[in-house]
There are 2 protein chains.
Amino acid sequence: MTEIIFNQDDFPYLDKYFRRNLINCLSGFKSLNLVGSKGKDEQLNLAPFSQIIHVGATPALMGMLVRPDSVPRHTLTNILETGYYTFNHVKEEFFKEAHQCSARYEQSEFEATGIEPYFSDEHPAPYVKEASLKVGLKFEERQDLKINGTIFIIGSVIEIIIPEDCLNTDGYIDIEKAGSLTCSGLDAYHVTQRLARLSYAKPDQLLKELD
Amino acid sequence: MTEIIFNQDDFPYLDKYFRRNLINCLSGFKSLNLVGSKGKDEQLNLAPFSQIIHVGATPALMGMLVRPDSVPRHTLTNILETGYYTFNHVKEEFFKEAHQCSARYEQSEFEATGIEPYFSDEHPAPYVKEASLKVGLKFEERQDLKINGTIFIIGSVIEIIIPEDCLNTDGYIDIEKAGSLTCSGLDAYHVTQRLARLSYAKPDQLLKELD
C-alpha cells in the first residue's frame, strides 16, 4: 500500500481549502447534531455541529467545541445568554436541510430550511421535531483554549427523548436503528451498519458479542 | 412514533450500568482511535478513545478528553511525561483487538493483543501499523474541567500518514474507503456508507453534491 506522508513543515505550503479539508478528516467519523437555541429576541436558531463529545455519565455532561466569536455566532451567544440549548441527531430524511443550516442566515434557520421545531414542557430551547434523538441541555462551564481561542462549552443533560423501540434493556440506545447519521470532514454524510457490540474487556478473558 | 422521555430527576434512580450506556449514546456516532504512547520506561501503550475532536486547521490541532487520573491512566501519564502520542483509525480487521486494548493490562497492549506497532522517523511514539490513517501529535495544552475533573488534552499535528488512494484532490480524506470505523455508546462498532458530500452552504443557493 502506497502512503502519502505530510508533516508539520508541509502545512504552511498547502492550499488553505485543501488544508481545511485534510485536517478536518483526521479525527475520524464525527458526531452529527443540530444544535437548537433561542435568542433573547425569541428568534429560534439551528446550526449543525460535529465537535460534540460525551463528558461524563454521573453527572450527565456533554461538551461542544465552538469557534471563536470573532464573527456572529448565534448559537454561542444564545447559550451564554439564555443558558439552554438542544442536541438533535440528524437523519437521512433531512441531512441536506441540516447542512443548509450552516449558511449565514439573518432569519431563523427553522424558517429558512423548513425544519420543524418541537417544544417540550421541560426545556425552553427548540428541538428538531424529526430528529432521531433529542437531548435538552443546560449550560454549566466554559473553557477557553489558549492555543487558538476556541471555546469548549460543557452542559448538563436535563432531558432525553428517544424512540421507544430504539432503547435496549441495558440502556444502550440503538442510534443506528433510530436513523442517526455520522459525518466526516466538513461536508460528507454517512449511514452506518453495525458490526457488533462487544463485552467489557478484561485481561485473559475472551470477548463476547452482545445482542 | 412512541417516545421515551428521561429527565434529570430520573437519572439518580437509573441503574448505574444502564445510565452509563444511555448517556454514552447521546452524542451520536463517535470518532474511534487507538492512542499510542510510550512510557519513560520505554513500554509501549495503546488504548481506544472515542472522545477525540477536531480543534483547528491552522494551526492543526486535535483534542481528546481523558477521565480523571484517580486510577492509573498510562496514556495520560505518557502524554504528559513524554509530550508525544499518536491517533490511529481502527479498521474492521482489528476492531476486536482494539476493544481488548481497554482491558487493564500491566504489560504493553501491543504485546497482549498482537497489534503491531510502527515507528516513523519523524515521531517518537508508536503508531498502529495496520491503521487506516495515522496522526502523530505533540502535546500543547491541558484544560481541567471544574465540573467533573475530566481533562481536555490539546495536541498539534506533526505528521499524517494516509493511504494514497484515499486522498482526494481537494484535501478530503476518504476515511470510509480507507476502512475507518465509527462507534456508538461504550461498545458498538459500525462500518459506514456515504450518502453524499455537499457543497458549501450559502443562503438562497441550492446545494450541490460533490464527487
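Modeller: Start with A:Glu209, which counts as partly exposed at 48% relative accessibility. Keep in mind that this is a predicted model. The partner of A:Glu209 is B:Lys96, and their side chains meet in a salt bridge. The N to O distance is 2.9 Å. Now place the two ends. A:Glu209 sits in strand E13 of chain A, residues 209-210. B:Lys96 sits in helix H3 of chain B, residues 95-100, so this pair joins two chains. B:Lys96 is partly exposed too, with a relative accessible area of 35%. How many salt bridges are there over all chains? The count comes to 18.

Next, look at two pairs within chain B. In one, B:Glu140 bridges to B:Lys138, with the closest N and O atoms 3.8 Å apart. B:Glu140 is partly exposed at 33% relative accessibility. B:Lys138 is partly exposed at 32%. In the other pair, B:Arg194 forms a salt bridge with B:Asp174, and here the closest N and O atoms are 3.7 Å apart. This pair links distant parts of the chain, 20 residues apart. B:Arg194 belongs to strand E12, residues 188-198 of chain B. B:Asp174 belongs to the loop between strand E10 (151-163) and helix H5 (175-178) of chain B. B:Asp174 has 14%, which is under the 20% limit, so B:Asp174 is buried. Salt bridges can also share partners: A:Asp170, A:Arg197 and B:Asp187 are joined this way into one network.

Some charges gather in a patch instead. B:Lys16, B:Arg20, B:Arg67 and B:Arg104 form a positive surface patch. Pick out B:Arg20. B:Arg20 is part of helix H1 of chain B, residues 16-24. The relative accessible area of B:Arg20 is 31%, so B:Arg20 counts as partly exposed. B:Asp10 is partly exposed at 28% relative accessibility. Compare positions with B:Asn24, 14 residues apart from B:Asp10 along the chain. Their C-alpha atoms are separated by 16 Å.

Now for the cysteines. A search of the whole structure turns up zero disulfides over all chains. A disulfide would need sulfur atoms within 2.5 Å. A:Cys25 is buried, with a relative accessible area of 0%. In chain B, B:Cys183 is in no disulfide, and the nearest cysteine sulfur, that of B:Cys25, is 10 Å away. B:Cys183 is buried, with a relative accessible area of 6%.

Last, check the backbone. Most peptide bonds are trans, and most residues other than glycine have a negative phi. Here are some exceptions. The bond from A:Thr58 to A:Pro59 is cis, with omega near -5°. A:Pro59 lies in the loop between strand E4 (52-56) and strand E5 (61-66) of chain A. In chain B, a cis peptide bond joins B:Thr58 and B:Pro59, with omega about 0°. B:Pro59 lies in the loop between strand E4 (52-57) and strand E5 (60-66) of chain B. A:Glu42 is not a glycine, yet has a positive phi of about 75°. The place of A:Glu42 is the loop between strand E2 (33-38) and strand E3 (44-49) of chain A. At 53% relative accessibility, A:Glu42 is exposed. B:Glu42, not a glycine either, has a positive phi of about 75°. B:Glu42 sits in the loop between strand E2 (33-38) and strand E3 (44-49) of chain B. B:Glu42 is exposed, with a relative accessible area of 53%.

Terms used. Residues numbered from 1 in each chain as written. Chains lettered and ligands numbered in written order. Predicted model: local features only at pLDDT ≥ 70, side-chain atom pairs only at ≥ 80, totals over all residues. Heavy atoms only, no water. Buried < 20%, exposed > 50% of the residue type's maximum accessible area, 1.4 Å probe, protein only. Patch = residues over 30% accessible without salt bridge, like charges linked within 9 Å, V, L, I, M, F, W, Y side chains within 5 Å. Areas by Shrake-Rupley, 256 points an atom, 1.4 Å probe, with all protein chains shown as cover. Salt bridge = Lys/Arg side-chain N within 4 Å of Asp/Glu carboxyl O. Lys, Arg positive; Asp, Glu negative; His and termini not counted. Charge placed at Lys NZ, Arg CZ, Asp CG, Glu CD. Helix = DSSP H or I, 4+ residues; strand = E, 2+ residues; numbered from the N terminus.
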